[in-house]
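I opened the model today to look up helix packing, the ligand shell and the backbone. My entries follow.

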Amino acid sequence: MNRFQAPEAQRLIAELGLPQGSRGLDVGCGVGLYALWLAEAVGSAGRVVGIEPEKERVEAARALVGGQLESGRLEFRQGDGTRIPLPDRSVDWLWCGDVLHHIVETQLALREFRRVVRPGGQIIIKESQVLSALFLPGHPELERRIQLAEIRRTLDEGGGRSFQERRQTTLASLLAVGLTDVTVRNYLLQRRAPLGAADHDYIQNTVFTRNWGARLRELLTPADWDARSALCEPDSPKNILGSPDYFCLYPITVFHCGSTPAAR
Ligand SMILES: C[S@@+](CC[C@H](N)C(=O)[O-])C[C@H]1O[C@@H](n2cnc3c(N)ncnc32)[C@H](O)[C@@H]1O
């Protein structure tokens with residue numbers, strides 16, 4: 001996902017206007033690419049810590065990007081967004097990208113975010129697909145039914161509220177913990193054929209094969225499963241990514257709490 005989003009990620013990070021030399025925290029940093037880009041944005045005097053509950057991802061982040069900057073600029077630790085292993089008011093800003101919808105105890109996490117950010121600092125929540133993406137141009141009814149199946153699939157993991165519902169209530173959650181100074185910005189990624197390798201890999205492997213693969217089979221009718229398979233299976237002669245007129249649209253939303261670049 002990170003490589004797919006890379007051009008827009010660089011732009012949206014630049015538009016955050018993070019102060020040079022500032023200290024930041026990336027909550028749920030995954031394998032660390034965003035943490036690296038954030039650390040680059042705050043310059044050589046800045047410092048970013050990425051926390052991630054899954055030990056394997058912490059190790060992957062250290063291996064993948066941990067050595068790319070001078071010592072002290074970027075560090076990865078095991079940690080959970082609902083129990084952040086940092087003192088009160090210890091960072092200037094906090095970034096949480098495509099993570100908050102995974103945390104069922106949303107309010108607990110947001111109160112932790114407020115605790116570790118210094119007064120006057122910034123909390124930035126990024127969520128992809130607050131609005132569903134378009135990956136199957138020309139097949140709106142099928143894609144809508146696949147999206148509905150995905151919404152139903154994430155109900156359990158989301159504690160009875162789907163990931164998309166959780167993403168769409170991010171603003172409400174921020175306001176509920178008293179974060180009033182919130183701006184919302186949207187970025188729309190568009191990619192068209194011929195797709196670059198990173199784009200093709202993300203759509204084929206992550207969207208079509210993983211997200212829309214076996215785990216949706218029981219949630220679709222046999223006819224919809226067959227139609228999805230013809231368009232999405234990598235070895236299908238009708239695989240939509242092979243079409244010369246293929247394109248996709250994919251939205252990213254940034255909820256920015258605190259002093260915005262325009263206001264500074
Ligand atoms: C979709 S990935 C996003 C990773 C990374 N932020 C990125 O943009 O590439 C979601 C991440 O959230 C992490 N996560 C899930 N629950 C979490 C929690 N309670 N606290 C912190 N991170 C969590 C997962 O382990 C996973 O790495």
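**Entry: α5 and α10.** I began with helix α5 (residues 140–153) and helix α10 (residues 222–232), whose axes come within 11 Å and cross at roughly 110 degrees. Axes here are lines fitted to C-alpha atoms, for helices over the stretch in contact, and angles run from 0 to 180 degrees between N-to-C directions. α5 and α10 are therefore roughly perpendicular to each other (angles under 35 degrees count as roughly parallel, over 145 as roughly antiparallel, 65 to 115 as roughly perpendicular and the rest as oblique). I noted Leu142, Arg145 and Ile146 in α5 meeting Asp224, Ala227 and Arg228 in α10; contact needs C-beta atoms, placed from the backbone, within 7 Å. By class, this contact of α5 with α10 has three nonpolar, no polar and three charged residues. Nonpolar covers Ala, Val, Leu, Ile, Met, Phe, Trp, Tyr, Cys and Pro, charged covers Asp, Glu, Lys and Arg, and the others, Gly among them, are polar.

**Entry: source.** This is a predicted model, in which local features need pLDDT of at least 70, side-chain atom pairs count only at pLDDT 80 or more, and totals for chains, interfaces and linings use all residues. Residues are numbered from 1 along each chain as its sequence is written.

**Entry: α1 and α2.** Next I took helix α1 (residues 2–16) and helix α2 (residues 33–41), which pack at about 25 degrees with axes 11 Å apart. α1 and α2 are therefore roughly parallel to each other. I listed the contact: Asn2, Ala9, Gln10, Ile13 and Ala14 of α1 with Leu33, Tyr34, Trp37, Leu38 and Ala41 of α2. The contact of α1 with α2 has eight nonpolar, two polar and no charged residues.

**Entry: ligand.** I found 19 residues around the ligand; the closest are Gly28, Gly30, Gly81, Gly97 and Val99. A residue is near if its C-beta atom, placed from the backbone, lies within 6 Å. The shell divides into seven nonpolar, seven polar and five charged residues.

**Entry: backbone.** Which peptide bond is cis, with omega near 0 degrees? I found the one from alanine 193 to proline 194. Proline 194 sits in the loop between β6 (182–192) and α8 (197–211). Aspartate 98 has phi near 60 degrees, a positive value in a residue other than glycine. I placed aspartate 98 in the loop between β4 (91–97) and α4 (106–116).

**Entry: whole chain.** I counted 10 helices and seven strands in the protein chain; these are DSSP runs (helices H or I, at least four residues; strands E, at least two), numbered from the N terminus.

Technical notes
Two residues are in contact if their C-beta atoms, placed from the backbone, lie within 7 Å.
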